[in-house]
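Reader: Could you pick one part of this model and take me through it closely? I'd like the cut-offs spelled out as you go.

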Amino acid sequence: MYKLYGAKYARSLMCEMVMIDGEIPNELMEIDMLAHEHRTLEILAVNPAGQVPVLITPEGDTLAQTAAINLYLSDKHKLHDYAPALDEAERGIFVSGLFYLVGELEPIVKRFLYPHRYALQPEDSKAVYAQALEAAQERLVVMERRLALAGPFYL
C-alpha cells in the first residue's frame, strides 16, 4: 500500500485527489505544517527537504514533488485521463508542458503569493508582487496557446 505524507492546504491535496479518483489504496500521514512537524527528525528522514507531499511506494521507493508523484501514479495505474500513455503521440507535448508549468510558472506563483519572502526590504514586497504578476500573466499566455494546440491534458 502507498503511504502519502501530506498536509492541509498543501499541494499534497492534488496527490490525494488523484489517488481517490484512481481508487488507489493509500494511507495518509497528515503533517501539521503550522506546528513545524515537517522539520522533525522523523519527517526529515523521509524527505531531507522537509516538504510534502512525499509518497512511499509499495516497493519502498520515496518520491517527492507533486507533479512527479502524479505522473508516476498516472503511468503506474494507467490513469490516462491524467496523462497520455507512454506510447501516445501527445505524450511529448504533455511532458514538455508539465515541465514548463513546474519550472516556469510555479516559482513565479510563489513570488506572487509570498512576496515578502523574496523582498530584501519589507517595502519591496509590492514591487516583487507586481513583477510576479506580470511574469505570471506572460507564462499563462504561453499555457493558453499550448492548451489551444495540445488539448485537455494540459489542464
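Author: Let's start with burial: a residue is buried under 20% relative accessible area, exposed over 50%, and partly exposed in between (1.4 Å probe, protein chains only). With that in hand, Arg91 counts as buried because its relative accessibility is 10%. This is a predicted model, so local features need pLDDT of at least 70 and side-chain atom pairs count only at pLDDT 80 or more, while totals for chains, interfaces and linings use all residues. Residues are numbered from 1 along each chain as its sequence is written, and side-chain values use heavy atoms, with hydrogens and water left out.

Arg91 is found in helix 4, so that's the part to look at; helices here are DSSP runs (H or I, at least four residues; strands are E, at least two), numbered from the N terminus. Helix 4 covers residues 91-113, and its 23 residues should span 33 Å (1.5 Å times one less than the number of residues). The C-alpha atoms at its ends sit 31 Å apart, which agrees. Still, helix 4 bends by about 35° at Leu105, and Pro107 follows within four residues; the bend is the angle between axes fitted to the seven residues ending there and the seven starting there.

Which side chains are tucked away? The buried residues of helix 4 are Arg91, Phe94, Gly97, Leu98, Tyr100, Leu105 and Ile108. Take Arg91 again: leaving aside neighbours within four places in sequence, Arg91 is in contact (heavy atoms within 4.5 Å) with Leu71, Asp75, Ala83, Pro84, Ala85 and Leu86.

Now the charged pairs. The structure holds five salt bridges, each being a side-chain nitrogen of Lys or Arg within 4 Å of a carboxyl oxygen of Asp or Glu. Arg91 makes one with Asp75, the closest N and O atoms being 2.8 Å apart. Since Asp75 lies in helix 3 and Arg91 in helix 4, that pair ties together parts that are 16 residues apart in sequence. Asp75, at 27% relative accessibility, counts as partly exposed.

Further along, Glu104 pairs with Arg139 in a salt bridge (3.2 Å, N to O). Arg139 belongs to helix 5 (residues 125-150), so this pair ties helix 4 to a part 35 residues away in sequence. Salt bridges with shared partners join Glu104, Glu138 and Arg139 into one network.

Then there's Glu106, which forms a salt bridge with Arg11, the closest N and O atoms being 3.2 Å apart. Arg11 sits in the loop between strand 1 and helix 1, 95 residues from Glu106. Glu106 is partly exposed at 24% relative accessibility, and Arg11 is partly exposed at 32%.
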